[in-house]
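Keep the structure open while reading.

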Amino acid sequence: MEDVIIVGAGIAGLGVAVALKRVGVKALVLERADELRTTGAALTLSQNAWRALDALGISQKLTSVYAPLERIYVTNVSTGAIQMIPLMTSNRPITLHRKALLKALAEELPTDSIRFNCKITAIETQEHEGSSIVVVHLEDETVIKAKVLIGCDGVHSMVARCLGLAEPTYSGRSAVRGLAVYPQGHGLKKEVQQFVGDGKRAGFVPISDKEIYWFLTYSVSPQEGTKLRGDPEAIQREVLENYAKDFPEPYLDVVKHVDLSTISWAPLVLRKPWSVAFGNLSKLNITVAGDAMHPTTPDLAQGGCLALEDAVVLGRHVGAYVARNEGAVPRDIAKALSDYVEERRWRATWVIAGSFLSGWIQNGGSMWGLKFIRDAIFYTFIFPKLVNVANYDCGKLA
């Protein structure tokens, strides 16, 4: 009997495992892949995420390597107009390699706490000595029992389906992402360069002296985009010859320098805000965190940030119950999970809604009015209010 099983060794799963370790609870992490997942290549973490990493005790590992961004430039591809968005010194985000974050989290855990190649086929609950336990069945016919199950298994979460949560919804846009490599150095400042056009938005940001993270989001049917999946050369060619052909040369040069092993295409999906606000995010001794709870579009760069917040809040509530039970995981842990969900529910709801709104306006589309709002109003008046979500403080573990 395990105390806690965590499904998924992504940012949320490893973050939750570290948080539980800090409060004295050992968790077993089950990951279906054969190593730590690195899909996405890089991510940007805002101040709310760094507060969570402070609580987890690992922020110094990363801030000593990666530098904060200084400002954002937004170029209208059609008109050539450029807007500069300053970033407050106290709240400058940092873009880093996703694998560096996963490695920093994994290093805090005992070597036997993560099991790879664990493909779950079924999840059930049983009564055991008057309380509920979770039984997890693996593809190799292994059966593992636990007092608590936490689903951190991503956008298409099996654990979320067990809770009755609806599948995420396609946002109407897809994204291409990759890392460009300049062996001799790129010579760019720590600034975000963003480009907006009709129904598409792109940008790039330096990660190190030799690497640049870049992205492109555009409106497309999911069927059309699926044709590109798994073919990095075709994805690069489609960006250069079709979707970004009218973009400035600096952006095209970055795409030309992509390391093809890092390029990816994916539809942008989200869980409808009302499904998070009113859905079953926990049931007895089962709950979810990260993208399994609140998949969101990347337009406010809050996906990884929310996952780290989840880890701290969940660790705090479970830790409090464990402390009252003299160091053991109590069988009535459902109340701790319910308290965690209620603390996270509305926070996640507003971030999902704000992120979708941000992406919808910035991509512009073909409507004249929407493009006017984006170019004349959004970056000056609306965007600064939306990015205030990054000022959130999830608190400490204890």
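The model is a predicted one. Ala-266 belongs to strand S15, which covers residues 264-270.

What does Ala-266 contact, once neighbours within four places in sequence are left aside? The partners are Ser-174 and Ala-175. Leu-101 is 165 residues from Ala-266 along the chain, and their C-alpha atoms are 21 Å apart.

## Helix H1

Helix H1 takes in residues 11-22. Its length can be checked. Twelve residues at 1.5 Å a residue should span 16 Å, and the end C-alpha atoms of H1 are 16 Å apart, so the two values agree.

H1 is mostly covered, with ten of its twelve residues buried. The buried residues are Ile-11, Ala-12, Gly-13, Leu-14, Gly-15, Val-16, Ala-17, Val-18, Ala-19 and Leu-20. Just after H1 comes Gly-24, with a positive phi of about 90°.

## H1 against H4

Two packed helices are described by the angle between their axes and the distance between the axes. For H1 and helix H4 (residues 98-106), the angle is about 25° and the axes are 9 Å apart. H1 is therefore roughly parallel to H4, since an angle under 35 degrees falls in that class. The crossing of H1 with H4 is left-handed.

Which residues meet here? H1 brings Ile-11, Leu-14, Gly-15 and Val-18. H4 brings Arg-98, Leu-101, Leu-102, Leu-105 and Ala-106. By class, the contact of H1 with H4 has seven nonpolar residues, one polar and one charged. An α-helix has 3.6 residues a turn, so residues three or four places apart point the same way. Ile-11, Leu-14, Gly-15 and Val-18, the H1 residues in this contact, are also among the buried residues of H1.

## H10 against H11

Helix H10 spans residues 303-324, and helix H11 spans residues 334-363. How do their axes lie? They come within 8 Å and cross at roughly 160°. H10 is therefore roughly antiparallel to H11, because angles over 145 degrees count that way. H10 passes H11 in a right-handed crossing.

On the H10 side, the contact uses Leu-306, Glu-309, Asp-310, Val-313, Leu-314, Arg-316, His-317, Val-318 and Tyr-321. On the H11 side, it uses Lys-335, Ala-336, Leu-337, Asp-339, Tyr-340, Glu-343, Arg-344, Arg-347 and Val-351. The contact of H10 with H11 divides into nine nonpolar residues, one polar and eight charged.

## H11 against H12

H11 also packs on helix H12, residues 368-386. Their axes come within 9 Å and cross at roughly 150°. H11 and H12 are therefore roughly antiparallel to each other. The crossing of H11 with H12 is left-handed.

From H11, the contact takes Gly-354, Ser-358, Trp-360, Ile-361, Gln-362 and Asn-363. From H12 come Leu-370, Ile-373, Arg-374, Phe-378, Tyr-379, Phe-383 and Leu-386. The contact of H11 with H12 has eight nonpolar residues, four polar and one charged.

## Ile-72 in strand S4

Ile-72 sits in strand S4, residues 71-76. Is Ile-72 buried or exposed? Its relative accessibility is 14%, so Ile-72 counts as buried; the cut-off is under 20%.

Leaving aside neighbours within four places in sequence, Ile-72 is in contact with Gln-83, Met-84, Ile-85, Leu-87 and Val-192. Gln-194 is 122 residues away along the chain. The C-alpha atoms of Ile-72 and Gln-194 are separated by 7.3 Å.

Asn-117 is not a glycine, but has a positive phi of about 60°. Asn-117 is in the loop between strand S7 (114-115) and strand S8 (120-128).

Ala-301 is another residue that is not a glycine, and its phi is positive at about 50°. Ala-301 lies in the loop between strand S17 (286-288) and H10. With a relative accessible area of 28%, Ala-301 is partly exposed.

How values were computed. Residues numbered from 1 in each chain as written. Predicted model: local features only at pLDDT ≥ 70, side-chain atom pairs only at ≥ 80, totals over all residues. Heavy atoms only, no water. Axes fitted to C-alpha atoms, helices over the stretch in contact; angles between N-to-C directions. Helix = DSSP H or I, 4+ residues; strand = E, 2+ residues; numbered from the N terminus. Parallel < 35°, antiparallel > 145°, perpendicular 65-115°, else oblique. Left-handed = near helix turned anticlockwise from the far one by under 90°. Contact = heavy atoms within 4.5 Å. Nonpolar A, V, L, I, M, F, W, Y, C, P; charged D, E, K, R; others polar. Expected span 1.5 Å × (residues − 1). Buried < 20%, exposed > 50% of the residue type's maximum accessible area, 1.4 Å probe, protein only.
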